[in-house]
Amino acid sequence: MTFARIDRQSISLTGPEPRVITPVRDELALLPHFLRHHRQLGLAHFIMIDNGSVDGTTQYLLEQPDCAVFYTEESFRDAAFGMDWVNRILADERYEGWLIYLDADEHLAYRAMESTPIAAFLAHLGEEGADTVFGAMIDMYPDGDFLGLRVTGDGPLHASMPWFDADYVFRPWPRRPWDPPTTEFRLQVLGGPRCRLLSRLKIERRRGFVHYTIANQVDRFVDAAPLAWMPVIARVWPVEMPAQHKKPINYVRPGFRYTNSHSCTNAALAGETVALLHFKFCHELQQRVRMAATEGNHYRRGLSYHQLDAGLRRWGDRPLTYPGSRRYGSSADLERLGLIGSAVAALWQGGAREVVTTAERADARHA
């Protein structure tokens, strides 16, 4: 299989300016929104890794003057779910500087981003000695029939998918008593519409290492199980909430690498967090869920996608909005709840055991 840069732009992959790196596959509907949002933040260099798109994504990216485009038809799964491609580029180019790793359905949001260019935000991080930033994935959704909403090229995505859950719990990931000591701070994010589709926040908040130890036993056999068995395994196996966190912003130096799509070797966490506005709950969701489940090309052969598909079937055509929904207008709406800013950083600074966000608490504080 080949892995090569295919654009004809004279775009350097090194230099002082921050860059975005993004694996894509058939993202034509989302890419105009993705690029427009991040260009507005002041980003001007994009490294795109196209994994065999067939919907026009490749040609669209080749027409963008600020996109360096790599192309491969290698297996996403065999490439450590895209991380081998990202690490390969960083090593080959001897990349050094700030890098922002995002998926095409994620829009970076940070405190006061409407008036603070990304370069100024990153300069502040450098001044405090941070080399990595924690980010929570905040699922966005529309009014009414979310699976019926089709993404178009007009207007910002948050205008058509303006709602997000205000109720989240941030806590250290449950550790087993026999796990070896580690200096890595692992943070778990509970909440959002995926939690409501699969379980309830009250239930998930009570779960500890016993539940996760049992759920993780699937790793002993899932790779050897026939793909046709996966729907059955998904029905009987304990549900583990999907990881809703990343370290999307990192200062890359020689030796840096992403260990998976949610973490990396950097450990000097910033004193504030960012959010990734996650625009997945629309017409394309069901198609992508079923594609991931039938291909078996994702983590645990698509087990979580099978379980999410079952959750969508149970949910039916009800809207996702509920009393804890809040409408997104600007980064201030996230900061007011503590979803971005300094509130969650209290966990790794030793000032809190968990951080809970609720709309009612935020409304009371700002009344």
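Residues are numbered from 1 along each chain as its sequence is written, and side-chain values rest on heavy atoms, with hydrogens and water left out. Because the model is predicted, local features need pLDDT of at least 70 and side-chain atom pairs count only at pLDDT 80 or more, whereas totals for chains, interfaces and linings use all residues.

Buried here means under 20% relative accessible area, exposed means over 50%, and partly exposed lies in between, with a 1.4 Å probe and protein chains only.

Leaving aside neighbours within four places in sequence, Ile 249 is in contact (heavy atoms within 4.5 Å) with residues including Trp 98, Leu 99, Ile 100, Leu 108 and Val 274. Its contacts also include Phe 121, Leu 122 and Leu 125, which are among the buried residues of H4.

The buried set of H4 consists of Ile 118, Phe 121, Leu 122 and Leu 125. These residues lie on the same side of H4, because they cover an arc of only 95 degrees around the axis, the arc being that of the directions from the helix axis to the C-beta atoms. An α-helix has 3.6 residues a turn, so residues three or four places apart point the same way. The buried residues of H4 pack against strand E5 (97–101), E6, E7, E11 and E14. Just after the helix, Gly 129 takes a positive phi of about 85 degrees.

Charged pairs form the next topic. A salt bridge is a side-chain nitrogen of Lys or Arg within 4 Å of a carboxyl oxygen of Asp or Glu, and the whole structure contains 19 of them. In one, the side chains of Glu 272 and Arg 111 meet at 2.9 Å, N to O. Glu 272 belongs to the loop between strand E13 (263–264) and strand E14 (274–278), and Arg 111 to the loop between strand E6 (106–109) and helix H4 (118–127); the partners are 161 residues apart. Glu 272 is buried at 5% relative accessibility, while Arg 111 is partly exposed at 33%.

Asp 131 and Arg 253 form another salt bridge, their closest N and O atoms being 3.8 Å apart. Asp 131 lies in the loop between H4 and strand E7 (132–141) and Arg 253 in the loop between E11 and strand E12 (258–260), so this pair ties together parts that are 122 residues apart in sequence. Asp 131 is buried, at 12% relative accessibility, whereas Arg 253 is partly exposed, at 39%.

Arg 205 and Glu 354 meet in a salt bridge of 2.4 Å, N to O. Arg 205 is in helix H7 (residues 201–206) and Glu 354 in the loop between helix H12 (331–337) and strand E16 (355–357), so the pair joins parts 149 residues apart in sequence. Both partners are partly exposed, Arg 205 with a relative accessible area of 38% and Glu 354 with 29%.

Glu 240 is placed in the loop between helix H9 (230–236) and strand E11 (245–252), and counts as buried because its relative accessibility is 17%. The side chain of Glu 240 makes a polar contact with that of Arg 300 at 2.9 Å. Such a contact is a pair of N or O atoms within 3.5 Å; within protein, one must be able to donate a hydrogen and the other to accept it, and residues adjacent in sequence count only if both atoms are side-chain atoms. Arg 194 lies in helix H6 (residues 193–198) and is buried at 9% relative accessibility. Beyond four places in sequence, the contacts of Arg 194 include Met 137, Asp 139, His 278 and Phe 281.

Terms used:
Helices (H or I, at least four residues) and strands (E, at least two) are DSSP runs, numbered from the N terminus.
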